[in-house]
Amino acid sequence: MTRVVHPIEQESFRRLRARLDTSHFPPLTRAVVERVIHSAADLEYAEDLVTDERALERAHTGLHAGAPVVVDVQMVAAGITGRDTVCRLKDAKSGPGLTRSAHAIRLAYEEVGPGAIWVIGCAPTALEELLTLDADPALVIGLPVGFVGAAESKAALRASGLPAVSNVSEKGGSAVAAAAFNALLYQPVSGSEPVSGSEPVSVSEEKS
């Protein structure tokens, strides 16, 4: 996609890089880290985020080949530019042992099937529900926020072995999740080629 970068955004990234050296990160990891930090003005995400460059490379390829994109809430969809998204929250209903957000994930999976990119930035129960499905995702951006269940759902995502972007702490949110997705969307397709002999690189190891 062709994107014109506003001078304010250029200056924001210049100041970010003046305060934090991100040059050691592989290309896609660096893009995700910088855009998440930019979205929240929070440098701590450089240590809090957990991801893997090879997983990002595969997801980047799938994204630019047209993989479906599912979001948990419209606030995430509003932050994603240049791609249509699936959000079934308005059609979902809560029930015994099932939140509305979790039901929306079930409905979305019925619509898109395997191979989608899932962007969850609000509800921990949405992420928990996704992990019960045989979704075979291209990538899960799991960055829900909150004091109840958020950190635990992200730990479960990492334990699942699915290709993912997550973070260790309770923070996160719709803007952060959308930023992580946009980082991959904005990265040119030519930048998706893996470096020969590279090893998977995590931004952060999960803390005990």
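## Elements of the chain

Helices and strands are taken here as DSSP runs, a helix having at least four residues of H or I and a strand at least two of E, and they are numbered from the N terminus. In this predicted model, the protein chain contains nine helices and five strands. Read from the N terminus, the order of the elements is α-α-α-β-α-β-α-α-β-α-β-α-β-α.

The protein chain has 208 residues, of which 50% are buried. Contacts between residues at least 6 apart in sequence were also sorted by separation: 62% of them join residues at least 24 apart.

## Packing of α2 against α4

The axes of helix α2 and helix α4, which spans residues 53-64, approach to within 8 Å and cross at roughly 85 degrees. Angles of 65 to 115 degrees count as roughly perpendicular, and α2 is therefore roughly perpendicular to α4. On the side of α2, the contact is made by P27, L28, T29 and V32, while α4 contributes E53, L56, E57 and H60. By residue class, the contact of α2 with α4 comprises four nonpolar, two polar and two charged residues.

## Positive phi in two loops

The loop that runs between α2 (27-40) and α3 (45-48) includes A41. Phi of A41 is near 50 degrees, a positive value in a residue other than glycine. The relative accessible area of A41 is 75%, and a residue counts as exposed over 50%, so A41 is exposed.

The relative accessibility of D136 is 55%; because exposed means over 50%, D136 is classed as exposed.

## Aromatic rings and charge

A pair of aromatic rings is described by the distance of the centres and the angle of the planes. How many aromatic pairs does a search of the whole structure find? The search finds zero such pairs.

Y45 belongs to the residue range 45-48 of α3.

Definitions and conventions. Residues numbered from 1 in each chain as written. Predicted model: local features only at pLDDT ≥ 70, side-chain atom pairs only at ≥ 80, totals over all residues. Heavy atoms only, no water. Buried < 20%, exposed > 50% of the residue type's maximum accessible area, 1.4 Å probe, protein only. Phe/Tyr/Trp six-rings, centres within 6.5 Å; stacked < 30°, edge-to-face > 60°. Axes fitted to C-alpha atoms, helices over the stretch in contact; angles between N-to-C directions. Parallel < 35°, antiparallel > 145°, perpendicular 65-115°, else oblique. Contact = heavy atoms within 4.5 Å. Nonpolar A, V, L, I, M, F, W, Y, C, P; charged D, E, K, R; others polar.
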